[in-house]
Structures are given as structure tokens and as C-alpha cells.
Amino acid sequence: GLFALAIAGLIVVSFRLRLNWIRRRERKEEAMARSMNELRLQALSAQMDPHFVFNSLNSIDRFILMQRSEEASRYLNRFAKLIRLILHRTDQLTVPLKKEVEMLGYYMELESLRFETPFSFELKTDPRLLDRDVRLPPMLVQPFVENAIWHGLQHKQGPGRLQVDFRLHGEDLLITVED
């Protein structure tokens with residue numbers, strides 16, 4: 001009887017140890033999932049400058065108040081496309097060059113429309129890059145473009161010009177932002 005009681009005790013103890021181990025593992029997995037979600041949200045907020053969103057919505061509001069509904073509609077359409085592109089990429093570590101160029105085009109167009117004297121812009125891509133599967137971290141170039149707009153073009157008298165050039169330099173990707 002004592003032997004049976006010892007075996008039953010071992011079974012109960014091993015069952016509880018296994019149950020505790022499973023619960024600890026589940027808590028770790030939940031903590032990891034929470035951390036991943038927090039990192040995704042941080043990445044999203046880092047990608048979307050709150051000032052840009054606020055300023056864009058104010059520009060749409062200004063167009064509406066000035067009864068320039070066509071411009072408001074065009075701006076809102078571009079803004080929606082930009083937001084969609086950014087939101088679709090929040091969980092991606094890299095994006096195709098073509099998508100990054102598309103996003104930059106929308107971004108520069110929106111920023112240009114906000115200026116009293118819109119600036120001209122040009123996106124150049126080396127055709128050899130289109131034949132390759134070139135991928136970049138999302139929003140890699142946008143902070144540099146934003147800096148060129150707000151610290152270069154904004155204070156310029158008369159119309160400004162912004163050019164972003166993606167080209168091969170040997171086997172390396174060379175990105176140039178000129179204002």
C-alpha cells in the first residue's frame with residue numbers, strides 16, 4: 001500500500017510540475033506576443049510622423065474651407081493611398097524598391113500641394129534596378145526627403161525642386177536626395 005501511495009504521489013507531483021512548466025511557457029509566449037505587438041505599434045508610429053498626418057488633414061480642411069473641393073478630393077485620395085501603403089508595410093522588414101518609390105511619390109506630391117508655391121520633384125530609378133529584386137527597409141528614404149523639404153525647400157524664395165535618385169554604383173545601391 002505504501003508503494004502504491006508513493007507511486008501515486010510521484011504521478012501527482014510530476015503532473016503538477018508538467019502543468020506549471022506549461023503555464024510558464026504560455027506566459028512567456030503571451031509576453032513575447034505582447035512585445036511583438038508593441039514593437040509593431042512603435043514601428044508604425046515611427047513610420048507615420050504625427051505632424052505630417054495632422055498637417056495633411058489640416059491641408060484638406062483648408063482646401064474645403066476655401067471651397068476648392070477638387071483639390072481637397074485629390075489631396076485626400078493621395079493621402080489615403082499613402083496611408084494604405086504605409087499600413088500594409090508595418091509588419092515587413094523590407095519592401096520592394098518599386099513600392100518605396102511609389103510611397104515617396106505620394107509623399108512628395110502631398111508635401112508639394114501644402115506649399116503656397118508648390119515645388120517640383122522628380123524620382124529617378126536606374127532601369128538596371130528594376131531587373132533586380134532590390135528591397136529596402138520601409139520608409140528608409142522618407143526622413144531624408146522630409147528633411148530636404150522642411151529645411152531646404154520651405155525657406156527657399158520662389159519655386160523649389162527636389163530630386164531623389166536611385167541608382168547602381170558598382171554592386172551597391174546609391175540613393176541621392178537633392179533640394
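A: A residue is called buried under 20% relative accessible area, exposed over 50%, and partly exposed in between, with a 1.4 Å probe and protein chains only. The model is predicted, so local features need pLDDT of at least 70, side-chain atom pairs count only at pLDDT 80 or more, and totals for chains, interfaces and linings use all residues. Residues are numbered from 1 along each chain as its sequence is written, and side-chain values use heavy atoms, without hydrogens and water.

Q: Is arginine 128 buried, partly exposed or exposed?

A: Arginine 128 has 47% relative accessibility and counts as partly exposed. Its side chain meets that of aspartate 126 in a salt bridge, 2.8 Å from N to O; a salt bridge is a side-chain nitrogen of Lys or Arg within 4 Å of a carboxyl oxygen of Asp or Glu. Aspartate 126, at 13% relative accessible area, is buried.

Q: How many salt bridges does this rule give?

A: The count is nine. Arg74, Arg78 and Glu109 are linked in a network of salt bridges.

Q: How far apart in sequence are the parts tied together by glutamate 171 and arginine 132?

A: The side chains of glutamate 171 and arginine 132 form a salt bridge of 3.3 Å, N to O. Glutamate 171 sits in the loop between strand 4 (161–169) and strand 5 (172–178), and arginine 132 in the loop between helix 5 (127–130) and strand 3 (135–136), so the pair ties together parts that are 39 residues apart in sequence. Helices (H or I, at least four residues) and strands (E, at least two) are DSSP runs, numbered from the N terminus. Glutamate 171 is exposed at 63% relative accessibility, whereas arginine 132 is partly exposed at 38%.

Q: What separates glutamate 102 and lysine 99 within helix 4?

A: The two are three residues apart in helix 4 (residues 97–114) and are therefore separated by about one helical turn.

Q: Which pattern does the chain follow along its sequence?

A: The chain has six helices and five strands, in the order α-α-α-β-α-β-α-β-α-β-β.

Q: What is the radius of gyration of the chain?

A: The value for the chain is 26 Å, while a compact globule of 179 residues would have one near 16 Å. The radius is taken over C-alpha atoms, and the globule rule is 2.2 Å times the number of residues to the power 0.38. The C-alpha atoms fill a box of roughly 100 × 50 × 25 Å along the principal axes. Of the 179 residues, 30% count as buried.
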